[in-house]
Amino acid sequence: MTLDTVWIQQQLQNIIQAPFTIVPWCPEMMAEGETADSVIPDRSFVRHNKLYFPFRASAGELAAFVVEARYLTDRERKLVEALLANMEQVWQNGPQLSDNPIYSEEERMNRFGKWLIQQAANLNREEEVPDELQLRDSLSACMVPILLNGEGTQEGAITYTQLHRLFASYFGGDVLLTPLDEHSWLIMAKKELLLGADDERDKDTESRDTDFTESLEEVLTAFSLGLYELIANEWVGVFHLAVSKPSVPLQSLPQELNLLWETIHLGKIFHVTEHIHFSWELHLERLLNRIPKEQRVLFLEQVMKSSVILEDSETMATLDIFFQLDCNVSETAKRLYVHRNTLIYRLDKIKQETGLDVRTFNDAVLVKLYLLLYKVTKRK
């Protein structure tokens with residue numbers, strides 16, 4: 001196997017939290033009447049309770065990533081299929097940059113997207129942005145990266161020109177729109193378009209720098225909410241946004257792209273009702289997702305006397321709001337439109353059933369961790 005294939009195996013294990021193995025392709029993998037070429041378009045198949053993901057390595061050989069079928073949900077299976085299909089195309093074809101430096105805007109950004117995916121897939125192989133794309137000056141500015149990922153959209157339903165015009169209008173200036181695949185785009189806008197130019201807070205004291213960091217997150221949150229509503233008016237199907245803090249793309253874009261992909265992945269697991277995910281809000285989720293499954297299951301069994309009550313939708317909604325509002329009983333009751341005594345009754349019931357009182361700090365931490373680990377471990 002090539003180094004690239006081993007790297008993909010490691011990334012799949014980190015993302016899915018399941019053991020993948022690599023096996024050379026052999027006729028025994030195929031059912032009667034199938035050929036290697038006939039199974040490739042389906043991207044994956046099940047044999048003897050194992051999922052096989054065919055993949056053509058960079059040397060052209062055919063191999064397969066194998067994992068126990070019980071470890072993957074249907075959504076995760078499709079995610080792996082999409083990742084492998086995208087990586088395979090990049091390694092087979094490469095950026096395919098011609099010697100002609102004159103491209104249309106869309107072609108130029110399509111080529112940049114292929115190059116970027118290749119760099120993100122192998123951070124050990126550092127390459128400079130090809131000069132013929134004429135992007136180095138643009139990527140030298142401080143920019144806000146946003147990943148747009150669609151679900152259930154028809155191919156070609158939204159064109160590059162439509163999206164670029166939409167974003168340029170909303171941001172009030174030119175943006176870099178990079179297609180990554182038929183359902184994903186990377187949007188990069190200069191920081192000044194979101195925060196204004198010559199911000200005095202950049203030059204102030206350390207305490208003021210802290211205030212600037214807080215206001216930066218607030219501005220990005222508000223801006224992203226508006227962007228989501230704008231896209232929702234044009235989009236057919238479900239979509240997600242992942243947002244990161246400003247950075248200089250020329251220095252860190254492959255790492256930022258990986259962070260944004262991970263942010264969407266974690267957001268879909270831990271915050272299933274939300275569609276805007278911020279990288280700086282998922283530190284705990286990122287840590288918990290990397291805990292081995294056996295350790296997560298052991299924690300769940302040890303912490304809670306009974307988890308039946310936590311499977312009730314009303315209880316889960318109550319706890320989610322309670323933690324969002326910093327365990328404030330009065331504010332939580334207002335948000336839930338219930339009497340304060342009703343909320344206290346619910347919290348007492350949780351204490352009675354689980355042995356944990358979420359109105360105390362230590363128990364609140366345990367329950368919060370339990371809920372997050374429950375989502376990543378028990379999801380269906």
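M143 has K190 as its bridge partner in β7. Let's start from there. Keep in mind that this is a predicted model.

M143 belongs to strand β5, residues 143–151. So which strands does β5 pair with? One is β7, residues 184–190. Those two strands run antiparallel, with seven bridges between them. The other one to look at is β8, residues 238–243. Here β5 is joined by six bridges, again antiparallel.

Is β5 mostly covered or mostly open? Mostly covered. Eight of the nine residues in β5 are buried. And a general point about strands: in a regular one, side chains alternate between the two faces of the sheet.

Next, cysteines. How many disulfides does the structure hold? As a reminder, a disulfide is a covalent bond between the sulfur atoms of two cysteines. Take C142. Its relative accessibility is 26%, so C142 counts as partly exposed. C327 is at 29%, so C327 counts as partly exposed too.

Last stop: the second largest pocket. It holds about 270 Å³ of space. Its lining takes in 17 residues. Nearest the centre are E126, E127, L250, Q251 and P254. Which elements give two or more residues to this lining? They are α4 (105–121), α5 (136–139) and α9 (249–270). The largest share comes from α9, with six residues.

What is the lining made of? Nine residues are nonpolar, three are polar and five are charged.

That's the tour. Thanks.

Methods:
Residues are numbered from 1 along each chain as its sequence is written. This is a predicted model: local features need pLDDT of at least 70, side-chain atom pairs count only at pLDDT 80 or more; totals for chains, interfaces and linings use all residues. Side-chain values use heavy atoms; hydrogens and water are left out. On a 1 Å grid over the protein atoms alone, a cavity is a set of points where a 1.4 Å probe fits but cannot get out, and a pocket is an open set with protein on both sides within 12 Å along at least five of seven lines; lining residues have an atom within 4 Å of a point. Grid points are joined across faces, edges and corners, and a volume is the space filled by probe spheres set on the points. Helices (H or I, at least four residues) and strands (E, at least two) are DSSP runs, numbered from the N terminus. Ala, Val, Leu, Ile, Met, Phe, Trp, Tyr, Cys and Pro count as nonpolar, Asp, Glu, Lys and Arg as charged, and the others, Gly among them, as polar. Buried means under 20% relative accessible area, exposed over 50%, partly exposed in between (1.4 Å probe, protein chains only). Two strands pair if DSSP finds at least two bridges between them.
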